[in-house]
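Reader: I have a structure open and would like to go through it. Can we start with the side chains and then look at a helix?

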Amino acid sequence: MSKAAKATNAESAIEVDEASSQDEIEGHREIGAAELKAIAEAMIFVADEPVSAKTIADVVKVARETIDKVLVDLVAEYDGRNSGLQLREIAAGWQIATRPEHHEQIRAYLKSRPSAKLSLASLETLAVIAYKQPVTVPEILEIRGVQSPSAIKTLLDKRLIVAKGRKETVGRPMMYGTSKEFLIQFGLKDLSELPSIEDFQDLAGGSGGE
């Protein structure tokens, strides 16, 4: 069953007994530690992007510190059972992801499926932006040696980069940097986890059309 189907089933159950569910969310009954852990895990599982501890705490109506402890316990639980999955802090939120030691097999599987891949030009441009940000188009040209307008448009369309204002120099060119979506797509907690430039091609799924 897909995440969307699971989420839909959960929403249907809530609608059947809306008043009762609202009482639970508003804290009219105690939620035990085991149930709270299950709720946090389910929310992270169905979410389309990393979920922050604050978001979980706000929905369940408990203290942020309580959710922080629940997440620590969940991380230990995933690690303790040698699961192929792990709970990771990514882009200021939490997400269930595959373990690094299985990435070779996962990549082989993903490459066997049709997918929208980044072209080599887009990949090189993204690498320059990731490591040199904030960076302007003329600066990218100086590093790559070729024009990058099509690559910039592709990366903006895919929401992997965002405008970071204008540089205070002649012509005031626009500066670009990576986005939160970039962190999510590459599974990074923050920019300190950037891989080597050589690893970018594998992480992005190889070359392909823009």
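Reader: Is Asp79 buried, exposed or partly exposed?
Author: This is a predicted model. In it, Asp79 counts as partly exposed, at 38% relative accessibility.

Reader: And which side chain does Asp79 meet in a salt bridge?
Author: The side chain of Arg99, with N and O 2.8 Å apart. The pair links distant parts of the chain: Asp79 is in helix H5, while Arg99 is in the loop between E2 and helix H6, 20 residues apart.

Reader: Arg99, then: buried or exposed?
Author: Arg99 is buried, because its relative accessible area is 10% and the cut-off for buried is under 20%.

Reader: Why would two such side chains pair at all?
Author: Side chains of opposite charge can pair when their charged atoms come close.

Reader: How many salt bridges are there in the whole structure?
Author: A search finds 13. One of them joins Lys69 and Asp73, at 3.2 Å from N to O. Both of these residues lie in helix H5, 4 residues apart, which is about one turn of the helix.

Reader: How exposed are Lys69 and Asp73?
Author: Lys69 is exposed, with a relative accessible area of 54%. Asp73 is partly exposed, at 29%.

Reader: What does Glu77 pair with?
Author: Glu77 forms a salt bridge with Lys37, and their closest N and O atoms are 3.2 Å apart. Glu77 is in helix H5 and Lys37 in helix H3, so the pair ties together parts that are 40 residues apart in sequence. Glu77 is partly exposed, with a relative accessible area of 32%, and Lys37 is also partly exposed, at 22%.

Reader: Which residues are linked with Lys37 and Glu77 in a network?
Author: Arg81. Lys37, Glu77 and Arg81 are linked by salt bridges in a network.

Reader: Change of topic. What span should H3 have, going by its residues?
Author: Helix H3 covers residues 33-46, which is 14 residues, and at 1.5 Å a residue these should span 20 Å. The end C-alpha atoms are 20 Å apart, so the two values agree.

Reader: Which residues of H3 are buried?
Author: Leu36, Ala40 and Ile44. They cover an arc of only 70 degrees around the axis, which puts them on the same side of H3.

Methods. Residues are numbered from 1 along each chain as its sequence is written. This is a predicted model: local features need pLDDT of at least 70, side-chain atom pairs count only at pLDDT 80 or more; totals for chains, interfaces and linings use all residues. Side-chain values use heavy atoms; hydrogens and water are left out. Helices (H or I, at least four residues) and strands (E, at least two) are DSSP runs, numbered from the N terminus. The expected span of a helix is 1.5 Å times one less than its number of residues. Buried means under 20% relative accessible area, exposed over 50%, partly exposed in between (1.4 Å probe, protein chains only). The arc is that of the directions from the helix axis to the C-beta atoms. A salt bridge is a side-chain nitrogen of Lys or Arg within 4 Å of a carboxyl oxygen of Asp or Glu.
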